[in-house]
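Here are a few exercises to work through with the model open beside you. Try each task before reading its solution.

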Amino acid sequence: MTSTALTPQMRSVIDRMERAGRAPLHSLPPAAARKAYALGADVLEIPRPALPRVEDLTLPARDGHGLPARLYAPQTGGPLPLLLYTHGGGFTIGSIETHDTLCRELARQAGCMVVSLDYRLAPEHKFPTAANDAWDALAWLAGNAATLGADPARLAVGGDSAGGTLAAVNAILARDAGLPLALQLLIYPGTTAHQDTPSHRRFADGPVLGEASISWFFAQYVRSRADRDDWRFAPLNADDVEGVAPAWVGLAECDPLVDEGSAYADKLRAAGVPVDLEIYRGVTHEFIKMGRAIPEARTAQADAARALRTAFF
């Protein structure tokens, strides 16, 4: 890709990353990659907003495992609408901590409760563990929302990158279970089985996310080619998305995932699902967590919060 595709602010961030000369995450063992990602996760974030209620929780998974989660609320009264947020990181890296500022900001701006989930990561936990954990968390929250001060009639799912995949999967599972959702908030979600779209070829060398990293992430997560074709890995493979929750889809123009995000928005629209699609020009994957340096990050956060407010209120 040419540098002129990037905004000046995005180009500056990329230049600084290149000058830092850190080892690519895909060149590290998974545990080391998690540490490296965590060290840089909030470097470009806006200041962490204070909220009147932040609590750590443990949610039950189907196999008895306790899933760490963190609840954010912009007020102590209720009941508040609730967003279950699943973080990005290729199913291999990322955590509640790496997405703490983003979840606080969504809670603050949207006026809703956010529960951020630490689903289990690969390669220790292969497909479909992350998808199962995300659904188990949503099902538990739907049944126990009132005990948290949330409104079980106003639930949404959301996430970025791999977390966006999990949110899209949860939206389909919720429809199948008869659980109404107000919104699915999909931030540059992965939706395709095989990374063969034009944007994957165009941005194969990055910046921020490239083919080598994507292949490494998915090699940690999937057990076989059949897993990649499963709709719980690739929501574009779902037979039917009619009746799933309305969607807000926020994509980065200079991102390998932009084409599959657009394709999933088209699939939803074709099934009669209301979709609000925003493509932020001149920015890359991960941009929404760069609010201190990238104006489009702050715009996207505000747009996502507005979509939640509209859906909830």
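**Exercise 1.** Which residues do ring pairs link into a cluster?

*Solution.* A quick note before starting: this is a predicted model, where local features need pLDDT of at least 70, side-chain atom pairs count only at pLDDT 80 or more, and totals for chains, interfaces and linings use all residues. Residues are numbered from 1 along each chain as its sequence is written, and side-chain values use heavy atoms, with hydrogens and water left out.

Step 1: Rings of Phe, Tyr and Trp (its six-membered ring) pair if their centres lie within 6.5 Å; planes under 30 degrees apart count as stacked, over 60 as edge-to-face and the rest as tilted.

Step 2: list the pairs. The structure holds 10 of them.

Step 3: take Phe91 and Phe233. Their ring centres are 6.4 Å apart and the planes sit at 35°, so this pair is tilted. Phe91 is in the loop between β3 (80-86) and α3 (100-110), while Phe233 is in the loop between α8 (225-229) and β7 (247-254), so to speak 142 residues away, and the pair links distant parts of the chain. Helices (H or I, at least four residues) and strands (E, at least two) are DSSP runs, numbered from the N terminus.

Step 4: join up the links. The cluster is Phe91, Phe127, Phe218, Tyr221 and Phe233.

**Exercise 2.** Are Phe91 and Phe233 buried or exposed?

*Solution.* Buried means under 20% relative accessible area, exposed over 50%, partly exposed in between (1.4 Å probe, protein chains only). Both Phe91 and Phe233 come out buried. Now try another tilted pair, Tyr280 and Phe287, with 5.5 Å centre to centre and 45° between the planes. Both Tyr280 and Phe287 are buried too.

**Exercise 3.** Which residues have the most contacts inside the largest nonpolar core?

*Solution.* Such a core is a set of buried Ala, Val, Leu, Ile, Met, Phe, Trp, Tyr and Cys residues joined through side-chain atoms within 4.5 Å. The largest one has 109 residues, and Leu59, Leu83, Val114, Leu181 and Leu308 have the most contacts inside it. Helix α4 (residues 129-148) gives the most to this core, with 9 residues. Leu83 touches (heavy atoms within 4.5 Å) residues including Leu106, Val157, Leu185 and Phe312, leaving out residues up to four places away in sequence.
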